[in-house]
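Welcome, and please get your viewer ready with a selection tool at hand. We will go from stop to stop, saying what to select and what is there.

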Amino acid sequence: MAWYDEAVFYHIYPLGLSGAPRQNSYGAPEHRLNAMVPWISHIKEIGCNALYIGPLFESVGHGYETTDYRKLDSRLGTNEDLTAFVAECHRQGIKVVLDGVFNHTGRDFFAFQDLKQNREHSAYKDWYCNVNFWGNTEYNDGFSYENWGGHNLLVKLNQHNPAVRDYICEVIRFWVSEFDIDGIRLDAADVLDFEYMKALRRTANEVKPDFWLMGEVIHGDYTRWVNGDTLHCVTNYTLHKALYSGHNDHNYFEIAHTVKRLYEMGGNRTDGLRLYNFTDNHDVERIYTKLNNKKHFTPVHILLYTLPGVPSVYYGSEFGIEGRKERFSDDSLRPALSLTDYKDAVAENPCTSLIAALGKIRQRTKVLSYGDYKELLLTNRQYAFSRNDNGESAIITVNNDDSDYVMTLPAGNAAEYIGMLTGQRVSVDGGHIAVNVKANSGEIWVPSNGDWTKDTPDKALEEEASKEAAAERHGQTVAKDTAQGAGQSGDAGEAAPKISPNAGHKTHGEEAQWQEAAQGGNHDDMAEETRCGSPTIESVQEEHENKAAGTESGIVSEAEGKAAAGYTTAPGPADGAAVAQEALKKVFEEGKIAGLQEAILAIMEKNGPVTDQMRRDVTENVYHDSLITWVKSFR
């Protein structure tokens, strides 16, 4: 087992995150990399233990037109800054992988400059592919050459030239000795010469134990690149596409077919083909932008963290930010961000809470890294599979429909399973479990006798933790969750932070700024606006349920608080509390519909203009559970 077998990656495009100028003046170093040091703690907090960062080295523009492989880009700082940054990552238990742009160089690279100056007499004329001194380019060099992607700014290296191979291998040795990095992501690996990659792999094996080579490959038979002679891993663009389109089209068959084909490609073994899984990166649109139904953020990421492969999160996407690809620029995909704007995101932004919970689950549930893959249930809108390894098991369930769905699944010999996200417990009956998968959500089920379940949410202790957190946030309310009233067990154990598996989008500071409404005040009196501008789910539900039914807030808060937290009850004999709860639900139903519609429209109006179509979508929705989910999506 190597470190990368259990890695959970965070991906940073540093020139974008730091707000560096688009063009490099090659002036005095600007120490922007040092300003990224606080992000290391954030990376660890959300459950990542590896960082892929790049491009980092001196270039003229976006970073992939390298000028100097041995010098940190002057827009980011100095080599000493990078050494210190990697050391701090290691101190916090985070491995570091850099971008290796070894297919091409920029025009300012020393070898190309010598070629321009000395032409046929240059010692480096064979460093580049298809140099033709009878040709020309738009730069009027008096010669032409092979480029990458049709861009003459990117001059393709002659990878068959032993001098080029030796030079790049020395660059790898330098990066390890100077910066102590743990791996390299090879840019444009799908067009690299295979003998060239074998030389890079030999160097990787030499410089450091478990030094990792991952390649950017878009399409093809991934086993051509991932093997003992070339690379350890490649980017899984096939699954990337399936994850968003399978949800947008309500087509889990696409995702399951993709997984099955890739698993078979690796010989039906998890270690046969390890792929780098992602929902977005610096070259593609943000997942939150791509999803037609934003509530699908939850099942998409549950799959990202539980399917075979190495999961990765692109900086900012854990906050649910958007980014649409533009025709002539990728700047919108690579924005400057300030971590202070998201300082409370893990506690207050459900997208971030979900990612943090999944990261921690992935790290402590080793079967998700090493277990085999077996499909258990598949429809267009529901999907379940298991991961099993050496007696450990996990069952993953996801649902992209707007209604709950009950699954009956084989569960082996365990007596009971527990949901890692919600803490819900279900008994095994006849070798099966029956679980209610919430609309547009999912769960990770493991036998409750495993050591990895010790930190799963426990409802009774979690109520106390929620109360303490509420007091620390100056009185913001939380939905009451009394185990006795709902017939839930309250076994003692260590509590983990509660997250909502039905995560929507909510920005930092939102709950605190709506605390007056949450405490029972009128949210229309709020003076301070937030970027999302939506009140807390609890305050909206309590206000409108009390208007509709005139009941005591404690009863309604208890029932709806569990729904807001994503808790469900496994099928079983009805007791008095359950019957009473169902009766209350029926009494409230009609009155709550209009109130919830009114609340949704009010929230939407605070977020921005409401079109006629948006208004129709709300008023034509007369389904209580769907409206509750809609309210929760504003988190």
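On this tour, contact means heavy atoms within 4.5 Å. This is a predicted model, in which local features need pLDDT of at least 70 and side-chain atom pairs count only at pLDDT 80 or more, while totals for chains, interfaces and linings use all residues. Residues are numbered from 1 along each chain as its sequence is written, and side-chain values use heavy atoms, with hydrogens and water left out.

**Stop one: a helix residue**

Select Thr203, which sits in helix H6, residues 194–207. Helices (H or I, at least four residues) and strands (E, at least two) are DSSP runs, numbered from the N terminus. Apart from neighbours within four places in sequence, Thr203 touches Cys169, Ile172 and Arg173. Is Thr203 buried or exposed? Its relative accessible area is 3%, so Thr203 is buried. Buried means under 20% relative accessible area, exposed over 50%, and partly exposed in between, using a 1.4 Å probe and protein chains only.

**Stop two: a loop**

Now move to Asn132, in the loop between helix H4 (110–118) and strand E7 (147–148). Asn132 counts as partly exposed because its relative accessibility is 33%. Setting aside neighbours within four places in sequence, you will find Phe143 and Ser144 in contact with Asn132. Then show Trp134, whose backbone nitrogen lies 2.9 Å from a polar atom of the Asn132 side chain.

**Stop three: the sheet**

Follow the loop on to E7. An open sheet of 3 strands has the order E6-E8-E7, with antiparallel pairing. Strand E6 (104–105) and E7 are at the edges with a single partner strand each, so one side of each has no neighbour in the sheet. Two strands pair if DSSP finds at least two bridges between them. Strand E8 (residues 151–156) and E7 run antiparallel and are joined by 2 bridges. Which residue in E8 is the bridge partner of Asn147? Pick Val155 to see that partner.

**Stop four: cysteines**

Select Cys48, which is buried because its relative accessibility is 2%, and then Cys233, also buried, at 1%. With a disulfide taken as a pair of cysteine sulfur atoms within 2.5 Å, the count is 0 disulfides.

**Last stop: confidence**

Colour by pLDDT, the predictor's confidence in each residue, from 0 to 100. The chain has a mean pLDDT of 82, and 75% of its residues reach 70 or more. Over residues 458–577, pLDDT stays under 50. Where pLDDT is low, the predicted coordinates should not be read in detail.

Terms used: Polar contact = N/O pair within 3.5 Å; in protein donor to acceptor, adjacent residues only side chain to side chain.
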